[in-house]
Each structure stands twice: as structure tokens, then as C-alpha cells.
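Take a look at the aromatic rings in this structure. The text below walks through some of their contacts.

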Amino acid sequence: MAASGSAVGLGNIWGFPTNAASNGGAAFLFTYLLLAFALAYPALMAELIIGRHARANSIAALQGISRGPKTRVFAIFVGGLGILTVSFILSFYAIVSGWMMAFFLDPIARLAGAEQLAGWLTTDGEWRNGLFMLGFMALTIHIIRAGVRDGIERWASRLMPMLIGILLLLIIYVLTLPGAMDGLRAYLVPDFSQIANPRLLVDAMGQAFFSLSLGVGTMLIYGSYISKRENLPVTGSLVALLDIGIAVIAGMLILPAMYVALAGGVEIFNPDGSLVAGPALIVSVLPELFGAMGPVGLFVALAFFLLMTIASLTSSISMLEVPVAFAVEYLGMARGRAAMLVGAGVAGISLLIVLNFDPLFDLVVNWATEVSQPLLGFFFCIFVAWIWRRDAVLAEITEGAPGAQSGLFWKIWPLYVKFVCPLAILVVFLQSWNW
Ligand code: TRP
């Protein structure tokens, strides 16, 4: 539940549908499905297996499976880069999540007749962005302070079913509106001319890695909390299936919603034919769509942005957990103190981004997700397939999964993480350099 909560977030509900829409709809959907199962799932397994074996934060875990002084230094580098990267990811994630909170409060302010407040909530500005980012970080810190059993798991298992429920209700509603079927068609009927587009592959790969929270040690930490009695390949496939499933379902909401907005006169395409960019679309097009629904739109907006806030929160706690686990286990800090200090540090970076949004936001997003994350995914595969002893890997998988040695997973997975994964990640990484 906790790992699925981490995986499901802004990446699924916004990132995936937007990517799908700007990359030929169904063509992206199929490519994404292929890459998610064939590459991201094996990489997810690498992190879960290392994590459960080591039962420790990412640096200690990677050091534990190192074979000599050189690989131990490499372990510090990879684990450390992961901690740094996830902190930067959280710093921009908290800003976008703050918008979700503001737009969740907007319908409440309207219902209370506070039009001026509603206007402030929905207008881009440093005060609004800063305050809501801080509010979101405070919530995240609060949950993390309670620890994994009491905090993360309790919240994730409460919030996830709610999230799926709201999502399904919204889909049913949106599909009854004019224009929705055009969106569904764009999403499900492939435009195969797009398959040849190299950008499609790069986007699909990046999306899969971001969506499954890979490379930075998030899943490694969660793996370290999984019981030895649990069947890892099964647990991992459930997380991947749920994550991919929610992305696919979210596509059925967002694409039709966009075309409903288009039918209602809202511009969803830029003059050059590309879609209005990521976060901007959520906070410009969707509220207009909800607004056009009349009074019921207030409740739809409320439900939608509550859903986004919930999804962001179960992801952000999984991010903050990475540096906090390191501070607790490695530096011997008390958990509450570590959560406060690290959280404050991330909020500080976040505030810098809010105050210098124009160059910094894109810079941090691109560096963290397009450069650092793929590179880290590559290193994790190297660790599990080339550095860690094969029999130790098998021994870890066999715990909770007796007979794993003769199972399908063990027949395919080791070769995948040894050759296919690193190579594919490297290709994508080099491609992203060219852009
Ligand atoms: N996977 C989450 C999403 O789709 C975001 C996320 C959580 C993440 N933890 C992460 C992304 C670690 C990268 C690294 O929104």
C-alpha cells in the first residue's frame, strides 16, 4: 500500500495523460505499457530486493552489497546522489502539490462567498505558491515524524481506495459530457505515425521511471520495511500493476476532460499544435472546465483537487523518507528531529525556487528527472546485476517465494537487469542529452 502510494502521484494523474496526449495518445499508451513492464518493473524489483536484503537506508544498503573499497565508494556516490536528487524532486513536487491544495480550497472559499480569497487562491503569485508549498511540506513532515508503520502505511491504506473511488466517479461524470468521446478516441485509437518519433520513447521511458519512483532509493527504503515472509516478485508486480493501472485510468479522465474543455471553447493546444504544457494545464484548463459545469462544477473541482492533493501526499512522504531514513540510521538523529530538519532544508530550496521560478523550476525538474534519475536507475542495475553476488540475489528472492529459482521471474529478470535495462536506460539518457 505504501509503495503504491509512493508510485501513484502527480506523475500518473497529470504527467502520464499529458505525455500520452502530446505523443499520439494510444501510441504512447502502448509504448508506455511495454516499457513499464519490460524495463521499469525489473528496475523496481532491483530496488525492492536490495532494500529488503539490507534493511537499511540507501547508502548503507548499497555498501552492504559492495565487494571492495572501490565499489563501497561507488555506493556512497550512488546513494548520496539519490538522496540529493530526491530532495530536489521533493522541492519542486511540493510547489505543484501546493497548487493542488490551493485549488482544492478555491471551491470552499466560493461556497463560503469569499470571492476575493478564491481569486487569490487561483492566481499565480509568490505568496500563494510559497505559503501553500510550506503548508504541504508541513503536512508531509507531520506524517513522516510518526514513522513508517504508524504514519505512511496507515495514511496510504486509507487514502489509496479513496483516490481510486473519486477517480472512477469523475470518469463516469466526464464521459457523459459533449466532446468526451473525441478525447477517448484520441487516447485509445493509436496514431501509429507517432511510433517512429524518438521523443515518444524517451518520454515513455522517463515517465515510467518517474511514475514508479525509481533510482533515488525511495523503493529501496520501502523494500527495507517489507517482511521476509512477503513474496517480492508478487509484491513488486502488484505495485507496478496498480501504478500503471491508475495512470491508464487517469488518462481516461484527463484526455476526455481536455476535449470537453475544447468543445466548451477552452484552448488546449498551443499555436504550434502542441498541448498546453504540464502543470499549467491543470491550473488553467481544468478549473475552467469545472467552472463551465455550473454549480456542480464546484464539487467536481473539490473532488478532483482533493484527489490530487492525496496522491501528492502519499508520494511526497515517500520522498522525504529517503533523506530522513539516512539521517536516522546513519547520523543517529531522532526521527522527529530528522524529519523537521530535512523537511525545513527542502522547504528552503523550495522557497528559492518559488522566488526565482522562471529559471529555477525547469532547471531543477530537468536536472533531477531527465539527468539524475535515469543515471541512477542505470547504476542500480549495475549494482544488482554486476556487483552483487548472483546467489545472494537469488537467496533474497527465495525468502517468501520458495521455488523462485525455477520460476519465470528468475529465468528472465537477471538477464534483463544485467543487459537490457542498463543499455536501454543509457540509450534514453544519451538521447535526452541531445535535446
Ligand atoms: N512516483 C510519484 C509520481 O508519480 C512521484 C515520486 C515519489 C517520485 N517518489 C519519487 C519520483 C521518487 C521520483 C523519485 O508522482
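**Aromatic contacts**

The charged end of Lys418 sits over the ring of Trp386, 4.7 Å from the ring centre. A charge sits over a ring if NZ of Lys or CZ of Arg is within 6 Å of the ring centre and within 35 degrees of the ring normal. This is a predicted model: local features need pLDDT of at least 70, side-chain atom pairs count only at pLDDT 80 or more, and totals for chains, interfaces and linings use all residues. Residues are numbered from 1 along each chain as its sequence is written, and side-chain values use heavy atoms, with hydrogens and water left out.

Now the ring pairs. Rings of Phe, Tyr and Trp (its six-membered ring) pair if their centres lie within 6.5 Å; planes under 30 degrees apart count as stacked, over 60 as edge-to-face and the rest as tilted. By this rule there are 23 aromatic pairs. Trp99 and Phe361 are stacked, because their ring centres are 6.5 Å apart and their planes at 25 degrees. Trp99 lies in helix α5 (residues 69-111) and Phe361 in helix α16 (residues 357-387), so the pair ties together parts 262 residues apart in sequence. Helices here are DSSP runs (H or I, at least four residues), numbered from the N terminus.

Trp99 is buried, at 8% relative accessible area. Phe361 is buried too, at 6%. Buried means under 20% relative accessible area, exposed over 50%, partly exposed in between (1.4 Å probe, protein chains only).

Trp386 and Phe419 form an edge-to-face pair, 5.7 Å centre to centre with 85 degrees between the planes. Trp386 lies in helix α16 and Phe419 in helix α18 (residues 408-434), so this pair ties together parts 33 residues apart in sequence. Trp386 is partly exposed at 46%, and Phe419 is partly exposed at 45%.

How values were computed
Helix = DSSP H or I, 4+ residues; strand = E, 2+ residues; numbered from the N terminus.
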